[in-house]
Amino acid sequence: MKRSLLVPALMVLFGCGGDGGGGTADEAPQAAVAPLGTATVSGVVSFEGTPPANPAIDMAEEPSCTMAHDNAPTDPQVVVTGGKLGNVFIRVMSGLPAGPYPAPAGPAVIDQQGCLYTPRVLGVVVNQQLEIRNSDSLLHNIKAVPTENRGFNISQPTAGMQTRRQFATPEIMVPIECNVHGWMKAYVGVVSHPYFATSGMDGAFRIGGLPAGTYTLEAWHEVFGRRTAEVTVGDGETASVAFTFTAG
Amino acid sequence: MDWTLPPGVSTFAADIDRMYYLILWITGAAFVIVEATLVWFLIRYRSRPGRKARYYHGNLRAEVIWTAVPAVVVVMIGIMSGGVWNEIRGRDSIPPNAVPIEVRAKQFEWNATYPGPDGAFGTTDDFTARNRLTVPVDTPVVVRLTSEDVIHSLFIPAFRVKQDAVPGMTVNVWFQVTETGEYALACAELCGNGHTTMGGTVEVVAQDAYARWLEVESSRRAASR
Amino acid sequence: MTSVAAPIEHGGHADAHAQSFVRRYIFSTDHKIIGIQFLLLSLVGLLVGGSLAMLIRWQLGFPTQAMPGGGILPETMAPGGVLLPEFYNALVTMHGTFMVFFAIMPLLVGVFGNFLIPLKIGAADMAFPRLNMASFWIAVPAFALMVVGFFVEGGHAGAGWTSYAPLSANPEWSGVSLGQQIWCVSLVVLGLSSILGATNYITTIINMRAPGMFWFRLPLSIWSLFITAVLTLLAIPILSGAAIMLLFDQTIGTTFFLPPDGGQPLLWQHIFWFFGHPEVYILILPAMGVVSDIIANGSRKPIFGYHSMVYAIIAIGFLGWIVWGHHMFQSGMNPTLGMSFMISTLLIAVPSAIKTFNWLGTMWEGSIRLHVPMLHACAFVSMFVIGGLSGVFMASTTVDIYIHDTYFIVAHIHYVLFGGSLFAIFGAVTFWYPKMFGRMMSRFWGYVHFGLTFLFYNLTFFPMHQLGLGGHMRRIYDPTEYEFLQPLQGTNEFITISAFLLFAVQLIFALNFIVSWFTGEKAPENPWQDTGLEWTTPSPPPHGNWPETPTVHHPPYEFSSPLVEEDYLMQDRAAGKETP
């Protein structure tokens, strides 16, 4: 509850009102919250080999959702575009000064659209609000099944509903699922600091606002598991990191 | 007020409905007799000046009659119901040639697994469909029903089928449908936030169409694997 | 005859100044005050349960539409006035819980058990007045705790008032943890209250009957409260045990009801209904008892077949223990058991029929006074008949396959518990109000309340049979999700509007109750010209009830006796020769 006092203070200090949870590389929004430095780490996640086909989703029972998709919908477990892998969650695993890092004032947003979660993979800082929105005119059930945190199991029966929840302990990753539409899955990385990003459809990611130093980065993908990489970066510099996942 | 049941399309639906209408007639008669007597007494024996109630403590013969008659009637209802119950749920009621389907309920969906063209579970031609049950007409079907999480209840109103799906238990529930078509399937046991959405469809197809459907679905799903 | 009348400490008039306000009205050991305390508490419970029902009806009549005024509810219940499914489940659960445990049960057992037993058997007070006080003051925190549950994280328990495991046992599947634990703890605490009360009633009835109050001179209200107390004493510990097991499953990692680790979900159902079915009779037997008293009074005739009425009460009390499996015909329980549970269940129709016919027999050749309590008693009989007969459908295992867990069951239970128990309660409150408060309730408003309640009650609950026959499942959040239920949505809207009106006209009762307390016509000693001992002492009776223990000379319902001029012969009246 003391967080409620902190939130307006942080907003003034850092001029932050941004939606924190964006999953694309070019936003790098988390870094803007508490910039300890001016170093940036960016890179691309590549994929080698033939990506497995995503399973088809039979949305026949929800015509309004089927209509939201141009093509026959598939479960976007593996998103590979031109050899680049999207929906990879990359975070600084070690090398940062000891925290604590305050949670950003704004919430990270996850939306339910056309019976899919958007974004599918996102990160929040510990105790940052996660705002769950429903853009579908039907009932979604949102169930988080964390191992380290307190889970929740709530529902949103109508379009336009918003619910906020938060996680108190770092956890990679908290699975979110809709039990009404069993195919709906999302993953939330709960991190103790704001230095994380999700690779975009082009595989690119960017983590800014870091202090100079040497860091171990970890990349997580729901199908292909984890990779780590080391990187050293100085003030004002941008260091490049590459992750590569392979089929099978 | 409509007291009729919606049309039933399984072999035992008519038996269940007959029991229902029998009980409806018996209880309806009892209802009319009791309520009419009550109203009549209230009017006939209303308090009027100069009338005194009869000082009367009861009558053993009346007691015996209205003990014995309901007892006989309800035991008769019980025996008749028992016969139909045995036909549907008795130990040997499931026809040996029934087509098996595995239904696993979970929050909030029905996952029906078919043995594929080879008729055996656990082989590579098995496949699973969500919220949709496809069964052949005029053929006994046995659903091996279980649940992965909480208690659900498989309710197919038109078949007069209702059976709880209990985690940790597999219950065999059978039916034989008499008409092709699409019928509603629902969950009848409160199972959580999405209980209300836990519906589905049962598609009843001709026997040869069912065999074809098994092959097509099995190979289609094998291809997408 | 072993009646032991407790020594009366004061002469009735001298004690008024001897006790402080707190001792007299708050922490009172006087059974009459405790009865009134239970009355006020459980009327609040009735209001809570009824309000929850209104929210349920809104959602069913107008699914996922913003409820007018619903915006005042917190975001976790109804954001923008739209009831959330998890809140809806909590509503369904708590409507049942409040009505069963905090309204009907205390209204019948807590109120009339306490108020009537000593007054009707000629005792100065209960056998254990302090236990009696404790039983009320234990019920209060249980009630408060159950209310608090709405406002905890995760919301209130949402697995139905029957709390079927594993939904109730594992928070992962319901999203509710604290709320369900509160449900368990509250019921265990309330159970302690019921057990203390039941012990007290049994002891009092066995030991403290006035001289001449033989067992077969007890009014049927007392007989039914006695059997109810026995059922309570045996059944409630079972519920407490079940609730504690459920609580352990949720908190300390036991797996009584969780199958992955060897638990058995059906175990919960067996234990719960082994309690739950006797509980049903706890909720109806006292109603039958007070209705018998009122019908004899209204008909100005002795009860027809008094002895068979007593045996019927005992038979119902006994059969209540061997029918629990009829709640589980479709549960996956061995179907062979279905046969025996079906027969035992159907047999309950026999004592129920005996009672109904004896009530009719009592009215036959009577001189019926249709006072407000008598109207409610007649409503009880006619509505209980509907609830009883609709029970035959479910008792038949075969028909139950189709109607189990549909609105047919909802109609049935409301015909028994509202049409039955609650009409009896309205009648009994009106009947004994003068004895409780020393004033009469308004007759005019009593008639108005009865007429409108009877009308809207039937408009609300009778169409539910039709919903059930159409296959409308219980406890669903949004019936419009199903195509086959679309044609029934008009009925759902109709029911909702009727239910709102039914709720609204209860305001008449509430106002009549409150206003009459202060401005009602002063009640004489025996306003209904009844025969019971409670009418031989002033209204309200002083502490200790009588200056000296009355002596009983007659059976309970000597109306129109040839021994006396007037048409009622008080039980303690020495005039004439002793009636056997």
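**Exercise 1. Chain A as a whole**

What percentage of the contacts in chain A with a separation of 6 or more comes from residues 24 or more positions apart?

Solution. This is a predicted model, in which local features need pLDDT of at least 70, side-chain atom pairs count only at pLDDT 80 or more, and totals for chains, interfaces and linings use all residues. Residues are numbered from 1 along each chain as its sequence is written, while chains are lettered from A and ligands numbered from 1 in the order in which they are written. Begin with the term itself: two residues are in contact if their C-beta atoms, placed from the backbone, lie within 7 Å. Among the contacts in chain A with a separation of 6 or more, 68% join residues 24 or more positions apart. Next, consider the make-up of chain A, which has 2 helices and 18 strands (DSSP runs numbered from the N terminus, H or I of at least four residues for helices and E of at least two for strands). Of the 248 residues in chain A, 44% are buried, where buried requires 20 or more other C-beta atoms within 10 Å of the residue's own, exposed 12 or fewer, and partly exposed a count in between, with C-beta atoms placed from the backbone.

**Exercise 2. Confidence in chain A**

Determine over which residues of chain A the pLDDT is below 50.

Solution. The pLDDT is the predictor's confidence in each residue, from 0 to 100. Chain A has a mean pLDDT of 85, and 85% of its residues reach 70 or more. The pLDDT is below 50 over residues 1-33 of chain A, a stretch that has 66 contacts in the model beyond near neighbours in sequence.

**Exercise 3. The meeting of chains A and B**

Find how many residues of chain A are in contact with chain B, and sort them by class.

Solution. On the side of chain A there are 10 residues in contact with 9 residues of chain B. The chain A side comprises 3 nonpolar, 5 polar and 2 charged residues, with Ala, Val, Leu, Ile, Met, Phe, Trp, Tyr, Cys and Pro counted as nonpolar, Asp, Glu, Lys and Arg as charged, and the others, Gly among them, as polar.

**Exercise 4. A hairpin in chain B**

Explain why strand β7 of chain B is described as largely enclosed.

Solution. Strand β7 covers residues 161-165 of chain B, and 5 of its 5 residues are buried, so the strand is largely enclosed by the rest of the structure. Taking the faces in turn, B:V161, B:Q163 and B:A165 are buried on one side, and B:K162 and B:D164 are buried on the other. Its partner is strand β6 (residues 152-156) of chain B, with which β7(B) pairs in the antiparallel sense over 5 bridges, pairing being assigned if DSSP finds at least two bridges between two strands. Within this pair, B:I156 stands opposite B:V161. The hairpin has 4 residues between the strands, and B:R160 takes a positive phi near 60 degrees there.

**Exercise 5. Backbone details**

Locate a cis peptide bond in chain A and another in chain C.

Solution. Most residues other than glycine have a negative phi, and most peptide bonds are trans. In chain A, the bond from A:I172 to A:M173 is cis, with omega near -10 degrees, and A:M173 lies in strand β12 (residues 171-177). In chain C, the bond from C:A165 to C:P166 is cis, with omega near 5 degrees, and C:P166 is found in the loop between α4 (129-148) and α5 (171-174).
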